[in-house]
Amino acid sequence: MSNAYNRPDQLSPALRERVLAAAGELGYGGPDPVARSLRRGRAGSLGLVFDHPLRFIFSDPAAVLFLSGVAAGCEEHGTGLALVPQLPEGAAEVVRSALVDGYVMFCTPEDDERLKAVIARGLPYVLVDYSPHVPGPHVNIDDRGGARAVAQHLADLGHRRYGIVLPYEKWRTDIPYGGPEATAARAEEVSRPDLVTDYRRWRCFIRYERLIGWREALAPAGVDWSSVPVASAPGSDAETGYLAGAQLLDRADRPTAIICLSDVLALGVMRAAAERGVRVPQDLSVVGYDDISDARTAALTTVWQPHAAKGEEAVRLLGDGGDNVVLPTRLVVRASSGPVPTH
């Protein structure tokens, strides 16, 4: 059994799988790397698992703010930090062998193999931006309430023709990402009640929560939710927003308001509008989510969330325990949203 964990090259893949399966049935998750090293009983580090490549955590403005909160929490508790990003293969093995005392899971899918590996190790863990149906201590924000508030703001301004911009779900191979066909397919996907109300269909729980929040404001205002086009493009940065925004703005029935999953996407939409001579907010209202610093510079209407506090609370729960945490959000109205155009 030792070779299966410590020297896998000494066994055939089939034999190793049989050994690991038998160990799993016995409740054995493998040798404890902490006990194996220095035998101190404490590694002095925690692991942060997230569903993006490594560069994302250092480049995405919202992720950077969250990471700064995690770092502040680590400093307060006198512990180090190990990062476990999305990897082409072997990420679960990294989780199983990392020298850490516990894990912060940041918005990974419910069926992520890394989460299964964390649970199997028996170490403490905290879930950030996860469905409450996933067992474990949680740190969340009021995503649905924030989304409802920003959509209600647009409805109160008289908008009834909307577009939605989301990052492209790489795991959905049946829906293309570009052109009218993709936009129509996205709209059908989001409008179907079973897809919107079943959080398990969405890779990241916050997408589900924000979709529900937007719908809760728009449907009572008379908006036909099934007619709202949803555009996507690869990635989750400003270029993603630019390409997705172009799909919506080039439609014959161009929306008067575009709702974006994040500020970064909204900034890309605003660039696409500027290139087409579409004035914001006179011809088009654009709203985001996150309230990053660039949103303030661009006068973007958005939803503020306490990114750093979310990271600090996750580390605190991991170290000290306590009840689940739900942090507040707040609508921030700026110059990118205005009354529906009359022409």
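Guide: What follows is a set of questions on helices, cores and a sheet.

Guide: This is a predicted model, with residues numbered from 1 along each chain as its sequence is written. Local features need pLDDT of at least 70, side-chain atom pairs count only at pLDDT 80 or more, totals for chains, interfaces and linings use all residues, and side-chain values use heavy atoms, with hydrogens and water left out.

Visitor: How many helices and strands are there in the protein chain?

Guide: The protein chain has 15 helices and 12 strands. Helices are DSSP runs of H or I with at least four residues, strands are E runs of at least two, and both are numbered from the N terminus.

Visitor: What share of the protein chain counts as buried?

Guide: Of its 343 residues, 51% do. Buried means under 20% relative accessible area, with a 1.4 Å probe and protein chains only.

Visitor: What makes up the largest nonpolar core, and which residues touch the most other members?

Guide: A nonpolar core is a set of buried Ala, Val, Leu, Ile, Met, Phe, Trp, Tyr and Cys residues joined through side-chain atoms within 4.5 Å. The largest holds 69 residues, and Tyr162, Trp214 and Ile259 touch the most other members. Helix α13 (residues 263-275) gives the most to this core, with seven residues. A second, separate core has 16 residues, including Ala98 and Met105.

Visitor: Which residues does Tyr162 touch?

Guide: Among them are Leu154, Leu218, Val228 and Ile259, with residues up to four places away in sequence not counted. Contact means heavy atoms within 4.5 Å.

Visitor: Why do β7 and β9 count as edges of the sheet?

Guide: The open sheet has four strands in the order β7-β6-β8-β9, with parallel pairing. β7 (230-231) and β9 (285-287) each have a single partner strand, so one side of each lacks a neighbour in the sheet.

Visitor: How do you know that β8 and β9 pair?

Guide: Two strands pair if DSSP finds at least two bridges between them. β8 (residues 257-260) and β9 have three, in the parallel sense. They pair, therefore, by that rule. Ile259 has Val287 in β9 as its bridge partner.

Visitor: What describes the packing of α5 and α15?

Guide: Helix α5 (residues 61-77) and helix α15 (residues 307-320) pack at about 35°, with axes 6 Å apart. Axes are lines fitted to C-alpha atoms over the stretch in contact, and angles run from 0 to 180 degrees between N-to-C directions.

Notes:
Buried means under 20% relative accessible area, exposed over 50%, partly exposed in between (1.4 Å probe, protein chains only).
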